[in-house]
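Have the sequence and the 3D view open side by side for this one. We'll walk through a sheet, strand by strand, and then look at a couple of residues.

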Amino acid sequence: MDKKFSKEIPSFMLRKFSNKNFLFNGMKKKQFLKKISNLKVKIGKNCNKRKFCILCKKKLEKKDKFFHQSLRFFSCNNCTHVQSEFIYSKEIVQSLKKIIDYDKIYSLDPNQNLSKLKDIYKPKLDWFLQVLKQRKIKFDNLSICEIGSGNGLLLSLLEKKFKKLQGYEFNENLFLDAKKKLKDQSRINLSKLPIDELISNTSYDIYVAIFVFEHFFRIYDLIKAINEKKPGTIFFFSVPMLGFSSILETIFKDDFARNFDGLIHQQMFTNKSLQYFLKKSNLNIFAQWSFGQDANDMYRIMMDNIEDNYTDELYKFFDTNLKTIVNSFQKILDKNSLADSIHILAQKKK
Ligand SMILES: [Zn+2]
């Protein structure tokens, strides 16, 4: 198996969610955090308690619980997969949507889209194609689909390499946005199907899902759907991982949580739960790429917390020197299974 570590954090991402830069749906950080904290108080009311693990279906127990971001979570005693204590009610989900809307996260200005295309999606596509080439897989004529195409950035890059391509997006505004980026607009579909059914009802040689699986709460059904695919089917996916950022977000529970916020990300993969997922799905892993933004989170949180206290000169000293080590520090985390995310290229066993 080919293991790759690290990816340079693009400069436009550095301290992206700092006190000064923070702007979300027109809200400054303080206002945003207040809304989030008010919402967290409501969690539990009219919500059912989770009884079984999202991933392995084993019974969750009291001793599996832990606190994070003022909420309770389980780490399953069987597979260690991390998941919220409660199944969030429709009311909670709707209130959350009003604060954090996917359309708004991804409706970026064209300049930012261009940076994302070049610094985020292009390297991912290059890695994916390079692994296929190394494996001597002729991909030109393979059929491919992307689940959760978002605003179509990766899909527009895939369009240049694959003739038989389809994308599926669940959010109507993002679907419309994706349409504009494609040469052939019939390549994007608005889907209302859950991920497991979408996989079961389609037949492609390659399935791509970049940061999608964590938004689905029946991973055991996803495993079943993958298992029913023909041998040799390729899966290229990424998921967030319980890593260094998660601990930062546990410690700084009142600060902005980018990764394990407990709301958008109600579940997190661990190294063990990811292995469990691959094994039960009968996926043979070709390659993995571990890289995160944990060091950037650390840099941001540290600077935000000394901003109003340290003198300007001390603040500048730490800002300059911490910024310098972000990428080298991240490399250490990536190599030691502490990165906040992982990209996987795997194939259904023959
Ligand atoms: Zn489990």
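## A pair to start with

In which sense do strand β13 (residues 283-290) and β14 pair, and over how many bridges? They pair in the antiparallel sense, over 7 bridges. Leu-283 sits opposite Lys-348 in β14. Strands here are DSSP runs of E, at least two residues long, and helices are runs of H or I, at least four residues long, both numbered from the N terminus. Two strands count as paired if DSSP finds at least two bridges between them.

Before going further, keep in mind that this is a predicted model: local features need pLDDT of at least 70, side-chain atom pairs count only at pLDDT 80 or more, and totals for chains, interfaces and linings use all residues. Residues are numbered from 1 along each chain as its sequence is written.

## The whole sheet

Zoom out, and 8 strands make up an open sheet with mixed pairing, in the order β1-β13-β14-β11-β10-β7-β8-β9. From one strand to the next, the twist averages 20°. Helix α6 (residues 172-181) packs on the sheet, where it touches β8 (164-169) and β9, and its direction makes about 165° with that of β9. Axes are lines fitted to C-alpha atoms, for helices over the stretch in contact, and angles run from 0 to 180 degrees between N-to-C directions.

Strand β11 (residues 234-240) is antiparallel to β14, with 7 bridges between them, and Ile-234 stands opposite Gln-347. By contrast, strands β7 (residues 143-147) and β10 (residues 206-210) run parallel, joined by 3 bridges. Cys-145 faces Tyr-207 across that pair.

Ala-346 lies in β14 (residues 341-348). Ala-346 counts as buried because 22 other C-beta atoms lie within 10 Å. Beyond its neighbours within four places in sequence, its contacts (C-beta atoms, placed from the backbone, within 7 Å) include Phe-235, Leu-278 and Ile-285.

Lys-230 is in the loop between α8 (219-227) and β11. Lys-230 is exposed, since it has 9 other C-beta atoms within 10 Å. The cut-offs are 20 or more for buried, 12 or fewer for exposed, and partly exposed in between, with C-beta atoms placed from the backbone. Lys-230 and Lys-348 are 118 residues apart along the chain, yet their C-alpha atoms are separated by 7.2 Å.

Methods
Contact = placed C-beta atoms within 7 Å.
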